[in-house]
Amino acid sequence: MKRLMILLSLFCAAGLLFAAAEPVVELQLNHIGSLADSGTEITTTYGMQSAASISLKSPNTGNVRGDVAFTLAYPETPDLLTIDRAYLRARFPKFRLTMGKTRTGWGDGVLFNAADLLFGSTGTAGVDLSAAELRSDTRWLTGVNIPLGPFRFIETLVIAPENFEPKDTEAGIRLYTTIDSVKLELGGAYRADNRDDTNTGKVFTPYAALQGHLGVDWYAASSVNIAYPADQISDELRDSWIISAGAYHMITVGYQGMLTARLEALVHPFGNWQQSDDDLSYGLYLYPEVVYTPDDTWSFLLRSIISPIDASAQITAGATWQVMQGFTLHGYATIHAGEAGDTFVWQSTQSSASLILGASWIY
Amino acid sequence: MYKCVIAMLFVTLIVMPLSAMTAQQIVQAMDELETFEQSYSEGQIITTDRFGEKKSTFRAWSQGTHDSLIEFTSVAERGQKILRTSGQLYLFYPDAEELIRLQGAALRQGMLGSDISYEDMTGERDTLSDYTAELLDTEQVQGKSCYVIKLTAKTRTVAYPIQKLWVDTETFMVWKGEFSTQSGRLLKEMEVLQTMTVDGRTLAQITRISDKMKRDSATEMHIDLLDLSVDLDPTIFTLQNLTW
């Protein structure tokens, strides 16, 4: 009943918003089959999954803009309704204010990004390699962006605690600039150290990120935690130091095809560099990606998260076909390759392999 | 002897319009025609194949030979922006709040899978840096006298090793183009369906590109509005405006 009331309220509110903004709907319908090999038995599952994402953007005029976007999902994964974005943005003569639920991209990296301090781009568990955006979490924040030149700005962010505990407030600041042909970001965040294994409470995390071109486009970032309160500083420094780096290149294949290749690495210099059954915080993870687009309608991709130290991987191959305006058919196959105790394992009660066949329509 | 001199003068006069300009000068004039100090335009890219029609609409601003900004206004890509400045390209995806900076080969890629590259959307055109030009002939296209220019690629980084262009002898607008492989296999054909006159320049308003490798496939580029006398705010070509 409560859920029904929420939905009715939502549709009433959406009705009012539709009158002011032109809605964009993305409907996703997928057949999902999966196979789990526990070692003693093989189980299979099959079902349909659907999600309707509705975005209500304000017109692209004036000095105030906003977007409200939500997703209705079946089955509930984990909620029937998710607010993806709900923010407004106001442009003042000397700065820009953003308030609401959204995200901001610090540093560079599709999967691994050591500079993404407040949204997190270092984990390998639960990553959906068939998603268009591998990192898309949003949070309730207030941000001020102060331009210092055409390609230079300072950004400050305050992230309100979802539990309404003032001590759990997080905040960050960054400088974005270019030096010759290299982009440089310097910044830091006061945040919760939410890594399960080394929870010391609050930390201040400075970071530096670079991006440039040397034959191929490249990017790198590094961050390290300074514990707050100031105990266990050396342990925290050693355990939290991470480096991410990536390279990206695109080449024309044939007369209109395009091949893009990306390789990202996440390095924990003081992580575990030996294979282990009980300490999976390994020193190195890789993310290779190859996308071949033979024309303006077809696209083929191969993505993987590789843990080279224990020689395990999650591998996804997929194809998309944009058949008609906004209408795309897609298929993805994912397997986990690895032995028991590895980062990625074939023998699992959850999913060893899965197949997604579906369609999406944006209108 | 007298007859011979008269005949030679006659031949010279006939051939003069063809040889008055070199192929290089014609190509430079062709590039200059599409180079604007400042511009604002609105348009659409319509792709038709056997499954129907796909349409992307956009707004574009350009300044000088380096700066351009394109904002897509069609439903699927709404709010996506591309800012190009000297030697670098910024892409902004509003839903993901993602700002991507690219350099190098990315600048030469087509927008939305079309034949229009990011470089094409700016004033930074220098055909002769990628191609050698040869004047073949003059021919009539749509009732207009045109130079027939053959462009042969100097590098392997261009999409089409051979281009044959029909360039208007008066306006230097390209009425027709054939794009081929090194071996001469025709890949694409371009023709101007409708022209417009803006600030004394004759420019293409509707251009049709036929893909000879696909049956029933064609792309039309429509320029619905082109303002060359616009006074652009220089902050248009900044990250602040890109991410706005």
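**Close-up views of a two-chain predicted model**

**View 1. A buried salt bridge joins Glu289(A) and Arg303(A).** Both Glu289(A) and Arg303(A) are buried in this predicted model. Their side chains meet in a salt bridge, with an N to O distance of 3.0 Å. Glu289(A) sits in strand E15 (residues 284-293) of chain A, and Arg303(A) in strand E16 (residues 298-307) of chain A, so the pair ties together parts 14 residues apart in sequence. Elsewhere in chain A, salt bridges with shared partners link Asp108(A), Glu155(A), Arg174(A), Lys183(A) and Glu185(A) into one network.

**View 2. Arg85(A) pairs with Asp67(A) in a salt bridge.** The structure holds 19 salt bridges over all chains. In the one shown here, the closest N and O atoms of Arg85(A) and Asp67(A) are 2.8 Å apart. Arg85(A) belongs to strand E4 of chain A and Asp67(A) to strand E3 (residues 64-74) of chain A, so this pair ties together parts that are 18 residues apart in sequence. Arg85(A) is buried, because its relative accessible area of 10% falls under 20%. Asp67(A) also counts as buried, at 2% relative accessibility.

**View 3. Arg89(A) and Glu97(B) bridge the two chains.** Arg89(A) lies in strand E4 of chain A, while Glu97(B) lies in the loop between strand E5 (88-93) and strand E6 (98-102) of chain B, so the pair joins two chains. The side chains form a salt bridge of 2.9 Å, N to O.

**View 4. The interface of chain A and chain B.** Here 51 residues of chain A are in contact with 45 residues of chain B. The buried area between chain A and chain B is about 4,100 Å². Carbon and sulfur atoms give 50% of that area. The count between the two chains is 3 salt bridges. The interface also has 13 residue pairs in polar contact, both residues at pLDDT 80 or more. On the side of chain A that touches chain B, the residues divide into 19 nonpolar, 17 polar and 15 charged.

View 5. In soluble globular proteins, nonpolar side chains tend to be buried together. The largest nonpolar core of this model has 48 residues. Phe58(B), Ile149(B) and Val167(B) have the most contacts inside this core. Helix H2 (residues 23-33) of chain B supplies the largest share of the core, 6 residues.

**View 6. Ser39(B) and its contacts in chain B.** Chain B has 4 helices and 13 strands. Ser39(B) lies in strand E1 (residues 38-49) of chain B. Ser39(B) counts as buried, because its relative accessibility is 5% and the limit is under 20%. Its side chain makes a polar contact of 2.7 Å with the side chain of Ser62(B). Leaving out residues up to four places away in sequence, Ser39(B) touches Ala60(B), Trp61(B), Ser62(B), Leu226(B), Asp227(B), Leu228(B), Val230(B) and Leu232(B).

**View 7. Chain B as a whole.** Of the 244 residues of chain B, 50% count as buried. Among its contacts between residues at least 6 apart in sequence, 42% join residues at least 24 apart.

Terms used: Residues are numbered from 1 along each chain as its sequence is written. Chains are lettered from A and ligands numbered from 1 in the order in which they are written. This is a predicted model: local features need pLDDT of at least 70, side-chain atom pairs count only at pLDDT 80 or more; totals for chains, interfaces and linings use all residues. Side-chain values use heavy atoms; hydrogens and water are left out. Contact means heavy atoms within 4.5 Å. Buried area is the accessible area (1.4 Å probe) that two parts lose on being put together, summed over both. A salt bridge is a side-chain nitrogen of Lys or Arg within 4 Å of a carboxyl oxygen of Asp or Glu. A polar contact is a pair of N or O atoms within 3.5 Å; within protein, one must be able to donate a hydrogen and the other to accept it, and residues adjacent in sequence count only if both atoms are side-chain atoms. Ala, Val, Leu, Ile, Met, Phe, Trp, Tyr, Cys and Pro count as nonpolar, Asp, Glu, Lys and Arg as charged, and the others, Gly among them, as polar. A nonpolar core is a set of buried Ala, Val, Leu, Ile, Met, Phe, Trp, Tyr and Cys residues joined through side-chain atoms within 4.5 Å. Buried means under 20% relative accessible area, exposed over 50%, partly exposed in between (1.4 Å probe, protein chains only).
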